[in-house]
Amino acid sequence: MGENGMNEWVRKSIKIANAPGYLDNLHNIYSTTEESWRAISVDTKKELEEIFKSGDDVSLVRELLRLPKFPINDPYVAFLRKKDVFVKYNPKTVNRIAKRVRSLGFKAIIEAIEEPKASSRRIGILFRKWLPSIGYPVLPESEFGTYKGIAFLQGSDAQLRNFANEKLGCNLEKGLDFLAKVKDIYLIGEVKFLTDYGGAQNANFEDALRLFRKKEGNAMRIAVLDGVVWIKDGTKMYRTVCELEETALTALLLKKFLESQ
């Protein structure tokens with residue numbers, strides 16, 4: 001599909017993303033300098049070091065399970081977290097995991113525990129923190145429905161989904177990143193910052209597009225996309241977004257889009 005056939009907001013987003021200042025302006029929304037470290041106390045580090053040196057695998061794993069982040073990725077860790085007794089019931093698994101952890105060395109264990117949260121998990125949070133800065137209120141449900149101007153609904157992903165399903169008949173299965181109202185028009189949306197091609201990033205892109213596939217309900221569906229999706233190249237991601245009939249746009253255009261409705 002040629003540029004003349006593109007969705008207006010897709011075309012504008014491509015222009016912005018391929019011009020000077022795109023990433024500089026985007027950083028006002030998705031700030032990578034915001035505190036996101038999982039710091040642990042000096043006392044906890046000392047206790048961990050003593051256990052590490054003692055060679056007690058059960059105590060080491062048990063202590064690590066109490067922390068917000070386990071130092072290695074292992075599919076059995078989540079199960080062990082559920083109940084402390086599972087550590088006792090599964091000694092071979094505990095020893096195997098402890099061996100992997102010990103192979104890192106103590107310094108690397110601490111670095112892994114304190115590693116920043118994955119930015120992809122923080123995108124929705126950062127986006128919501130930024131929303132009020134574009135000049136419109138974020139309102140509780142009791143005020144949102146009767147508000148006459150542009151506003152966003154306050155609440156968690158699940159609360160926004162419930163409003164969309166119960167009040168607007170959208171029949172959504174998963175939560176929403178935002179729900180807006182422009183006069184009498186309701187908008188529901190997904191937000192994604194796509195940092196690269198392939199793997200999890202392709203899955204995130206598909207997740208955003210899934211919102212478009214259902215047409216149920218009294219709400220306009222939009223995707224707020226940023227990152228490599230807008231780079232002019234031959235990738236499937238770029239070709240797909242160019243062919244969208246629905247509205248996808250950079251967060252930098254969201255204010256203008258709302259005001260155009």
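Predicted model: local features only at pLDDT ≥ 70, side-chain atom pairs only at ≥ 80, totals over all residues.
Elsewhere, salt bridges with shared partners connect Lys174, Glu190, Lys192, Asp207 and Arg210 into one network.

How many salt bridges does the structure hold? The count is 19.

Two of them bring us to helix α7. In one, Arg102 pairs with Asp57, with 2.8 Å between the closest N and O atoms. Arg102 belongs to helix α7 (residues 91-102) and Asp57 to helix α4, so this pair links distant parts of the chain, 45 residues apart. Arg102 is partly exposed, at 21% relative accessibility.

In the other, Asp74 meets Arg96, again with the closest N and O atoms 2.8 Å apart. Asp74 is in the loop between α4 and α5 (77-82), while Arg96 is in helix α7, so the bridge ties together parts 22 residues apart in sequence. Is Asp74 buried or exposed? At 10% relative accessibility, Asp74 counts as buried, whereas Arg96 is partly exposed at 34%.

Finally, back to α4. Helix α3 (residues 42-54) packs against helix α4 (residues 57-65) at about 155 degrees, with the axes 8 Å apart. That angle is over 145 degrees, so the two are roughly antiparallel. Glu47, Leu48, Ile51 and Phe52 of α3 touch Ser59, Leu60, Glu63 and Leu64 of α4. By type, that contact has 5 nonpolar, 1 polar and 2 charged residues. Thanks, everyone!

Technical notes
Residues numbered from 1 in each chain as written. Heavy atoms only, no water. Axes fitted to C-alpha atoms, helices over the stretch in contact; angles between N-to-C directions. Helix = DSSP H or I, 4+ residues; strand = E, 2+ residues; numbered from the N terminus. Parallel < 35°, antiparallel > 145°, perpendicular 65-115°, else oblique. Contact = heavy atoms within 4.5 Å. Nonpolar A, V, L, I, M, F, W, Y, C, P; charged D, E, K, R; others polar. Salt bridge = Lys/Arg side-chain N within 4 Å of Asp/Glu carboxyl O. Buried < 20%, exposed > 50% of the residue type's maximum accessible area, 1.4 Å probe, protein only.
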